[in-house]
Amino acid sequence: MTPLPDSPRRSRATGRGIAAAVLTSAALLLVSACGSAQTDAPAEPAAGDGTRTVQSARGPVEIPETPQRIVAVDYISPEILFDLEAPLVGALDLSSGADGEKYSTITAVGNDSGELNFEQLAGLDPDVIIGNEIENEAAYDQLAQIAPTVLFSDGGTDWKATVNTVAEIAGKTADVQSREQAYQTEVERLRGEFGDAIGASGAWAVAGTYDGASWYVYGSDTGPNTVLTDLGATLAPVAEEVRADPNTFTRTLEQLDALQSAQVILFDDLGPPVTTEGAAATLQADPLFSGLPAAQAGKVYPGTYNVVTYGQAESVLQQLAQILPQL
């Protein structure tokens with residue numbers, strides 16, 4: 001599955017993922033052990049060109065200076081590692097997502113529900129394991145017997161900070177700096193060309209649906225809204241409501257009036273298997289949605305807006321480059 005949008009599901013987001021993202025966890029992932037015996041001594045860093053110490057949610061961890069065989073056991077870090085072209089050799093099986101082809105190039109060490117196969121994981125002989133404090137806490141002791149394991153603390157909202165953290169573990173900090181510079185250059189280009197239109201466009205919101213019978217909306221501090229903020233856009237009040245209370249991330253159809261103040265809506269359509277078939281069309285056809293000011297003005301723009309990597313942020317900018325001339 002694609003990492004889900006930044007949501008209460010991960011106190012981390014759609015991928016994700018499901019884009020990221022992202023907030024207090026509403027349902028922690030159950031991680032089960034599958035056939036690997038623990039040893040008494042912790043795993044040592046793999047031999048190589050020296051070691052370094054990184055900070056983790058469990059304290060300092062010694063890892064190789066330049067990891068060559070990384071395994072990721074959460075939903076977000078593999079997306080970041082792929083984006084940075086890091087030496088990722090194993091991750092959860094997230095191949096069923098819309099952009100899941102890349103997962104066929106590595107070994108699955110667990111399913112898309114987060115259940116890990118420790119025997120398969122150990123067979124990859126990783127020199128570092130990367131995971132999320134919330135998603136992988138229960139498995140930490142067993143993971144640490146296989147290889148140095150770094151669980152990053154992730155509140156789920158600041159995707160740029162998460163990218164920096166994962167990049168540091170993977171030895172890819174310089175790559176992030178170049179990606180960030182390219183991102184900022186494009187932001188400035190769009191602001192220079194469309195700044196007046198953005199300022200006059202009114203309030204923006206980013207929303208979507210999983211099933212067509214309910215909807216979700218991104219908080220002001222989550223992926224796509226940080227891109228909009230970087231561009232100088234004004235966010236609808238609902239985005240700040242979600243930031244203040246992450247439990248309001250998902251809402252009923254009757255609560256669609258929260259989007260009344262949005263003059264522009266980016267409609268996040270992640271597609272199957274993350275969403276049910278036809279979910280986006282079903283919600284947009286509902287009178288409560290089609291009657292919204294943005295819908296009446298023809299300013300609802302479907303796309304894929306979840307952001308947990310610079311690659312996804314660049315994709316959002318590319319989509320906005322097509323939207324902004326229409327405002």
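Select Glu85 to begin: at 69% relative accessibility, Glu85 counts as exposed, because the cut-off for exposed is over 50%. The model in your viewer is a predicted one.

Now widen the selection around Glu85. The residue sits in the loop that runs between α1 (77-83) and β4 (88-92). Next, check its backbone: phi of Glu85 is near 55°, a positive value in a residue other than glycine. As background, most residues other than glycine have a negative phi.

Move on to Asp125. Where is Asp125 found? Look in the loop between α2 (118-123) and β6 (128-132). The phi of Asp125 is positive, near 50°, and this residue too is not glycine. With a relative accessibility of 56%, Asp125 counts as exposed.

The last stop is a pair of helices. Select residues 173-200 for helix α6 and residues 223-231 for helix α7. Two packed helices are described by the angle between their axes and the distance between the axes. For α6 and α7, the angle is about 65° and the axes are 8 Å apart. The two helices are therefore roughly perpendicular to each other, because angles of 65 to 115 degrees count as such.

To see the contact itself, show side chains on both helices. On α6, pick Tyr183, Val187, Leu190, Arg191 and Ile198. On α7, pick Thr226, Val227, Asp230 and Leu231. Which classes of residues make up the contact of α6 with α7? Colour the selection by class: six residues are nonpolar, one is polar and two are charged.

Terms used:
Residues are numbered from 1 along each chain as its sequence is written. This is a predicted model: local features need pLDDT of at least 70, side-chain atom pairs count only at pLDDT 80 or more; totals for chains, interfaces and linings use all residues. Side-chain values use heavy atoms; hydrogens and water are left out. Helices (H or I, at least four residues) and strands (E, at least two) are DSSP runs, numbered from the N terminus. Buried means under 20% relative accessible area, exposed over 50%, partly exposed in between (1.4 Å probe, protein chains only). Axes are lines fitted to C-alpha atoms, for helices over the stretch in contact, and angles run from 0 to 180 degrees between N-to-C directions. Angles under 35 degrees count as roughly parallel, over 145 as roughly antiparallel, 65 to 115 as roughly perpendicular and the rest as oblique. Contact means heavy atoms within 4.5 Å. Ala, Val, Leu, Ile, Met, Phe, Trp, Tyr, Cys and Pro count as nonpolar, Asp, Glu, Lys and Arg as charged, and the others, Gly among them, as polar.
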